[in-house]
Amino acid sequence: YEIIRTKHMYMLITVFFITLVIFGGMKGFKAIISLSITFIAIIKIMLPLILKGYSPFSISIYICILVTLTTFIISNGFTMKTFNAVLGTTGGVLTAGLVAYIMGHLSKLTGLGSEEAQMLLFAPGNIKLDFRGLLFAGIIMGALGAVMDVSMGIASAINEVEFAKPHISSIELIGSGMNVGRDIMGTMSNTLILAYIGGSIHLVLIMMVYHYPLRSILSMDIITSEIVRALSGSIGLVFTIPITALISGRLTQYE
């Protein structure tokens, strides 16, 4: 049916893991453990529960919190920095999910814009899926990685500032966190936008080749879904900055 590519995929995964350990040392090894737990949580917990009829939106939030907790605890242990980053990540992901949920309902997205979603309509076993919920779950999961990076970066920076200057005020710590966040904001927003555009580049080229008017393009379910996906994740990322800075600035001094 297809060319057997498993050998090459296993080789690539092995190279990835070896690279993490060589350049990251123990941190790289912990990253492998975190990645494995994330994979298991999605494949063995999240997806089976969705197939059983549970809300994809709710399940994805719980899985995000679980992944965030395990990743940060394995990487940094039970510290105030970890606690602050977890709260910041949760706030950012919930913001992204809320924006996606509101805009999805206002624009009447069906969740059936992609070919894969349409194929699930004919899945065997009379499986009833919440396709709009699946769309929102994908948005939340897609934003999680970038939001985690931002929240841990800000929490870590504030922790280092407080360590170097123990008598610094909360207001100054929050200001430092916001400054770090502003530096991160531009590049991380580009990361999300470019990732989604890269995944839809063939579709965009088709629209250009056949000279679809912009209004028609923006009104298509699949295009609107991708725009909502990219911008909701970016808004959640932006909100992660003040949330993490505020929480870290207030709580770090009580460590």
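In α1, residues F16, F17, L20, V21 and G24 meet M26, K27, G28, F29, I32 and L35 of α2, contact meaning heavy atoms within 4.5 Å. The model is predicted: local features need pLDDT of at least 70, side-chain atom pairs count only at pLDDT 80 or more, and totals for chains, interfaces and linings use all residues. Numbering starts from 1 along each chain as its sequence is written, and side-chain values use heavy atoms, with hydrogens and water left out.

**Overall build**
- The protein has ten helices and zero strands; helices (H or I, at least four residues) and strands (E, at least two) are DSSP runs, numbered from the N terminus.
- The C-alpha trace spans about 60 × 45 × 35 Å along its principal axes.

- Helix α1 (residues 6-24) has 19 residues and reaches 26 Å between its first and last C-alpha, close to the 27 Å expected at 1.5 Å a residue; the expected span is 1.5 Å times one less than the number of residues.
- Just after α1, G25 takes a positive phi of about 60°.
- α1 packs with helix α2 (residues 26-51) at about 145°, and their axes are 5 Å apart.
- Axes are lines fitted to C-alpha atoms, for helices over the stretch in contact, and angles run from 0 to 180 degrees between N-to-C directions.
- The contact residues of α1 with α2 divide into eight nonpolar, two polar and one charged.
- Ala, Val, Leu, Ile, Met, Phe, Trp, Tyr, Cys and Pro count as nonpolar, Asp, Glu, Lys and Arg as charged, and the others, Gly among them, as polar.

**α4 and α10**
- The 27 residues of α4 should span 39 Å at 1.5 Å a residue, and its end C-alpha atoms are 39 Å apart, which agrees.
- Just after α4, K108 takes a positive phi of about 55°.
- Helix α4 (residues 80-106) packs with helix α10 (residues 221-251) at about 150°, with axes 7 Å apart.
- Contact residues include G88, G91 and G92 of α4 and G233 and G236 of α10.
- This contact divides into 13 nonpolar, eleven polar and no charged residues.

- The structure holds one cavity of 30 Å³ or more; on a 1 Å grid over the protein atoms alone, a cavity is a set of points where a 1.4 Å probe fits but cannot get out, and lining residues have an atom within 4 Å of a point.
- The largest cavity has about 50 Å³ of space, a volume being the space filled by probe spheres set on the points, which are joined across faces, edges and corners.
- I61, C64, I65, T68, T89, T90, V93, L94 and L144 line the largest cavity.
- α3 (56-76) and α4 each supply at least two residues of this lining.
- The lining divides into six nonpolar, three polar and no charged residues.

Notes. 1 Å grid on protein atoms, 1.4 Å probe; cavity = no way out; pocket = protein on both sides within 12 Å on 5 of 7 lines; lining within 4 Å.
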